[in-house]
Amino acid sequence: MPALRTSTPSRAKHPASAAAPRPGGYAGKLLRVNLTTGKIWSEPWSPEDMRELIGGVGLGARILYREVPAHVHWDHPENRLVLATGPLAGLPVWGTGGLTVVTRGAGTDGPTSTQANGFFGANLKYSGYDAIIVQGVSRKWVYLHIHDDVVELRDASHLLGKDTWQTQDLLSAEYGLSGHQLSVYSIGPAGEHLVRFAAIQGDYGHVASKNGCGAVMGKKKLKAVAIVRGTHGLAAADPRGLVQAADDIAHDLQTDPTARSLYEYGTLPGVVNLHKLGMLPIKNYTTNVSPVDLGPWEARRLREGFDHRGHQCNACGMHHCHMQVIRSGPHTGTLVDEPEYEGWSGAGWTIGATDPQAVSWLNTELDRAGLDVNEFGWLCGWVMECVEKGYITRAQLGFDLRWGDVEGARKLVDLIVHRRGLGAVLAEGVKRAAAKLGPPARDCAVYTLKGAVPRGHDHRARWHEMLDTITSGTSTLETGNPVHPTEVGVPARVDPFDGVAVAKMVAGLRGRLGFEDSLGICIFTTRTRLENLCRALGAATGWYYTVDEAIRFGRRTGAILRACSLRCGITPATEYPSTRYASIPVDGPAKGQSIVEQWEKMLDTWYAEVGYDRKTGKPLPATCKALGAEWLAKELWGRSR
Amino acid sequence: MRVLKLTPDKCTGCLRCELACAYMQTGEFQPAKSVIRVSPFEGHTSYAPYTCTQCAEGWCMTACPVGAITITAAGAKDVLDDKCVGCKLCTIACPYGTMFYDPDTRKAFKCNLCGGAPACADACPTAAITYEEVATADWIGDFAHERAARVLAAR
Amino acid sequence: MTRHLVIGGGTAGMNALRTIREEEGERSEITLVSAERPYSRMVLPYYLDRSIAESHVFTATAAVLAEWNVKTQLGRRAAALDTRAGVCTLDDGTKLAYDDCLVATGSSAVRAPVPGADGRGVHSFWTLDEARGVLAHIAPGSHVVLIGAGFIAFTILNSILALGARLTIVEIAPRILPRMIDPTGAELVEGWLRRHGVAVRTGAAVTRIEDRGGRRRLRFKGGRDILCDVVIMATGIKTNLEWLAGSGLRVNRGIVVDERLRSSVANVYAAGDVAEGRDLVTGEPAIHAIEPTAQEHGRVAGANMAGRDATYRGSLSMNIVEVCHLDVASFGAWDDPGAEAFTAVRRERPAYRKLLWRGDRLTGALILGRSSDVWTTNDIGMLKGLVQSGNSLAAWKEHLRGNPFDVKPAFIASRTTATLLPLTLLGRASKAPGTTPVAV
């Protein structure tokens with residue numbers, strides 16, 4: 001395969017190491033790729049920047065803020081696609097293959113931060129790079145090849161139309177490499193056709209799924225990034241301390257009651273547990289009561305109901321990611337990725353499908369096509385409801401699509417990823433499709449006014465996530481679920497239907513996730529005390545972050561993303577749920593609870609607590625200052641303030 | 001003698017053993033220099049670690065033209081760096097693919113059981129690698145044979 | 001007391017000595033005849049690039065030989081063998097009587113019959129003495145010409161470059177490494193060499209080597225003379241068999257030996273380069289003038305001389321050279337024209353695999369890849385194991401046809417490890433060097 005343009009990053013460009021030595025854990029270089037010109041180069045980043053930005057979303061947010069101005073929309077050549085790891089990636093802490101994708105996404109045309117794992121981050125670090133920053137648009141379809149110092153753009157015409165698993169299979173065969181010797185993150189047909197909720201999928205089942213990052217990659221005509229497991233070493237400031245911190249985190253994950261089920265079964269227990277709380281979204285928010293016995297949906301049975309095999313990410317001991325083989329039905333024998341809770345929800349409950357074998361198959365079909373399973377779920381569930389109610393006709397669709405029809409849902413995938421027929425409308429995502437169809441169909445759709453959708457939960461019983469999703473600078477969870485909340489002074493329990501208490505909790509927990517997503521580590525292996533993560537980071541790099549600093553770092557990153565978001569025209573006026581998203585559950589444990597009545601109060605509280613201006617949405621100068629970002633205050637408010 | 005017993009059904013392919021091994025061997029986290037290596041079977045799933053069995057013949061040891069490979073107190077064949085010249089003969093003599101060569105140091109290197117406390121066994125989160133008083137064996141052949149059937153059938 | 005005579009202090013002879021001491025049931029007398037102090041030819045390239053001291057090349061010091069209770073005739077060459085009388089005559093007329101003897105006299109370098117080939121500044125690189133000569137004449141910036149692009153030349157190529165010399169390789173054949181890799185592999189290596197600043201001239205016949213004011217001028221059939229400082233002739237080796245004329249040993253291309261390394265005369269064994277023994281893969285008689293064969297021959301012969309009944313399955317042809325961090329290895333019948341061959345090339349890495357089949361057995365293999373690619377080193381060993389074990393790969397053949405790089409799962413899933421584990425050369429675990437018993 002001839003390279004369109006070959007350029008080997010030159011070591012000579014790096015300044016002599018007269019400055020501070022490179023902190024441990026870092027590869028030390030950022031890889032830059034300009035697809036328009038074909039130029040590839042690497043640039044060092046300073047120990048000071050490393051300390052301030054850490055990596056992952058911290059690094060990505062800074063690049064987005066500095067390099068993607070207002071007029072650079074998601075599909076503009078100058079949009080950046082940042083694929084960033086962090087200082088823990090490639091080290092022996094569990095779950096450290098981490099990748100954070102930061103870009104201006106196609107879903108909201110605003111900032112995106114979305115994570116995936118596997119081995120990409122580790123392979124990239126061993127190749128000598130902490131992050132890849134892609135800009136420009138290629139003339140022809142290409143993929144990025146990285147093998148230590150050899151970095152090339154290669155012709156991808158033979159990969160076009162291939163799904164993400166096929167793409168990795170083909171490249172593995174082409175390279176003559178197997179298993180984790182080659183990590184490939186790619187877009188499927190969805191990304192190629194600029195579906196607004198196209199994802200980037202890698203290493204068979206790991207998906208950076210949010211906000212249409214796959215469409216950005218597709219717009220750039222970058223089909224895939226393939227990284228050969230590099231040969232460089234990563235040093236740690238205190239390797240023994242690092243191994244000890246890793247072991248402590250592992251011990252904590254295995255034994256702490258709040259993490260243990262995750263250790264044993266990943267997110268599988270979610271289905272049954274969330275159902276008990278009214279948080280399992282069934283049939284597009286039309287009910288919260290399962291029509292079937294949930295026995296087969298117990299975590300143990302979900303796992304053992306399949307021929308399954310561990311399929312862990314870099315250095316991870318969680319019994320979380322698995323591969324499984326479909327045991328019954330038309331796809332018997334097919335090897336698939338064990339769905340996360342999000343998959344069981346999006347490819348299952350949301351669309352009324354209750355056969356785990358069928359749901360598991362559809363979930364991987366979505367990964368392969370390169371679609372976000374959450375948004376697909378909301379979209380497909382909505383279409384099914386519309387078909388049931390006669391808002392969408394069989395003629396419009398070309399086939400019948402009833403609740404729970406997984407094979408029909410697969411047909412819908414084809415319509416969407418190829419933008420055929422009604423698929424052209426649906427490919428624009430839930431919000432745009434709902435607007436296009438108008439009421440009454442519109443009012444059945446679950447979305448945020450920013451143009452995003454929730455994860456796979458029923459937020460009408462999970463108010464903190466609705467508030468988080470809607471106020472986030474990245475249009476999806478920015479704070480996440482509480483993990484050891486008391487460590488940062490947040491009460492362990494609040495009344496889930498007390499809007500003010502929930503808003504205080506969401507504001508109080510802010511920062512942790514931004515810190516975690518900068519480390520190059522999986523969200524599930526960070527479910528330990530923040531103090532342990534600080535220890536691991538310290539042992540790797542030699543800096544001793546305190547818990548307060550970590551939180552401050554995460555909040556600073558959030559403030560920068562908020563500034564990016566505002567610049568993209570996403571204002572507080574869009575911080576509302578759709579009619580259905582905020583409707584009142586008609587049954588189940590949260591029956592009758594109404595978040596709408598409390599919404600304004602929740603926003604007021606949240607804004608006051610986080611220190612953002614309620615009217616403009618901007619982080620207040622005092623907030624910026626407290627977060628160590630006075631420069632941001634100046635840029636947002638001008639020097640006079 | 002205690003040997004590295006491999007239980008492939010337990011392996012999830014996380015490669016933590018490679019990291020631990022490389023750290024013991026080089027002081028850095030550099031899996032390219034690990035002497036235990038995890039391979040996939042059944043396409044991109046079903047992994048198993050693979051390393052030196054400390055075989056009775058010691059093809060590496062008998063092949064070495066300068067006597068640089070010896071047997072340690074732990075019973076492992078080990079390369080003496082001050083004697084090894086880096087001729088690579090051991091890498092073609094070993095029929096298992098478990099002799100390695102470091103182009104940076106220009107020495108051969110291999111599993112030396114970490115002097116009797118193997119780091120890979122400590123690092124393995126699933127006990128797929130254990131250090132036990134058992135006869136060495138082809139630990140993963142049957143597993144690979146069974147799992148590979150799917151890859152072959154798929155062709 | 002049994003009198004063993006070992007003729008030749010190279011790899012075969014020294015392994016035989018040691019094995020006799022390891023295996024014998026009662027103390028015997030051993031005499032070693034060696035033209036040179038025993039050293040390892042394999043490590044001379046590392047002496048040449050000064051990464052080891054000269055003392056490092058010796059395999060047995062006088063003290064060790066004394067410890068092994070070996071009588072030595074160093075600096076002497078065997079001149080004649082009277083197998084009926086059981087007497088070996090040395091070049092100084094000394095006669096050594098033996099009960100059994102091992103012929104392990106190895107090979108010598110031969111120079112191409114070119115006028116000036118024996119002149120000043122023209123070297124061979126085979127013995128320690130010759131290595132000293134080359135070392136004395138190369139300085140940083142020297143222009144060195146290697147005549148002959150075969151295995152021997154390639155073993156010293158890195159060393160010459162490491163000494164800071166400029167290197168030109170001249171080969172009369174149309175391509176380099178004609179007896180170690182196929183044309184595709186040769187092309188990749190040639191490209192790699194050029195990328196690393198080595199000039200390669202193939203299909204080039206040197207007609208004369210002249211002295212030009214202390215430098216060497218090489219004249220070629222097609223013109224384009226080369227002026228250089230040092231010429232190293234690596235144009236081949238020949239086995240040292242002339243002295244055996246009249247011995248009565250059956251000699252074909254080498255001394256014909258049976259599965260116990262015994263010659264046509266019951267108490268005379270032969271090992272190493274001079275022995276024509278069984279080829280493991282083909283089962284045919286073959287000379288494998290390589291270090292591993294010398295070592296195995298020596299040990300099996302030694303065990304039999306010590307009274308054990310040790311049989312040898314045969315030797316496996318194998319070679320590896322590293323060319324500027326590119327590994328090139330071959331195993332077994334890699335050039336078998338009757339074999340079915342699967343190949344795969346990745347030019348950009350570069351990487352190359354060639355798998356040769358007879359039925360569902362792998363009978364030969366070529367592998368080329370960067371030294372830093374761990375999977376290359378891994379596959380090197382596994383390919384050796386597959387060829388050595390002769391395991392059936394029926395279930396994997398089609399898979400390997402599609403992807404000749406995917407050797408590892410085939411190796412493991414065909415349970416090659418299980419086949420290999422019980423195999424030992426002498427029917428017992430090997431002993432570490434230095435643990436040979438001093439006396440029984």
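User: How many residues of chain B are in contact with chain C, and what makes a pair count as a contact?

Analyst: This is a predicted model. In it, 45 residues of chain B are in contact with 48 residues of chain C. A pair counts because the C-beta atoms of the two residues lie within 7 Å.

User: Which elements of chain B supply that side?

Analyst: Those that give two or more residues include strand E2 (37-41), helix H2 (59-63) and helix H5 (141-154) of chain B. H5(B) gives the most, with six residues. By class, the side of chain B that touches chain C has 27 nonpolar, 13 polar and five charged residues.

User: How confident is the predictor in chain B, and where is confidence lowest?

Analyst: The mean pLDDT of chain B is 93, and 97% of the residues score at least 70. Confidence is lowest in H5(B), at a mean of 82, and highest in strand E8 (residues 129-132) of chain B, at 98. The scale runs from 0 to 100.

User: How many residues of chain A are in contact with chain B?

Analyst: There, 27 residues of chain A meet 24 residues of chain B. Helix H7 (239-255) and strand E14 (307-310) of chain A each supply at least two residues of the chain A side. That side divides into 14 nonpolar, 12 polar and one charged residues.

User: What share of chain C is buried, and what makes a residue buried?

Analyst: Of the 440 residues of chain C, 52% count as buried.

User: How is chain C divided into domains, and how far apart are the centres of domain 1 and domain 2?

Analyst: The assignment gives domain 1 (3-106 + 240-305), domain 2 (122-237) and domain 3 (327-420) of chain C. The C-alpha centres of domain 1 and domain 2 of chain C lie 31 Å apart. Their contact takes nine residues from domain 1 and 12 residues from domain 2. On the domain 1 side, seven are nonpolar, none is polar and two are charged.

User: What makes a set of residues a nonpolar core, and how many residues has the largest?

Analyst: The members are buried nonpolar residues joined through C-beta atoms within 7 Å. The largest such core has 353 residues, and A:Leu371 and A:Ala536 have the most contacts inside it. Helix H13 (residues 373-389) of chain A gives the most to this core, with 10 residues. Among the residues that A:Ala536 touches are A:Leu88, A:Leu242 and A:Ile249.

User: Which residues of helix H19 (residues 499-509) of chain A are buried, and what covers them?

Analyst: The buried residues of H19(A) include A:Gly499, A:Val502, A:Val506 and A:Leu509. Their cover includes helix H18 (463-471), helix H20 (512-516) and helix H23 (599-610) of chain A. Just after H19(A), A:Gly511 has a positive phi of about 115 degrees.

Terms used. Residues numbered from 1 in each chain as written. Chains lettered and ligands numbered in written order. Predicted model: local features only at pLDDT ≥ 70, side-chain atom pairs only at ≥ 80, totals over all residues. Helix = DSSP H or I, 4+ residues; strand = E, 2+ residues; numbered from the N terminus. Nonpolar A, V, L, I, M, F, W, Y, C, P; charged D, E, K, R; others polar. Buried ≥ 20, exposed ≤ 12 C-beta atoms within 10 Å, placed from the backbone. Domains from an automatic or database assignment. Lists of a residue's contacts leave out its neighbours within four places in sequence.
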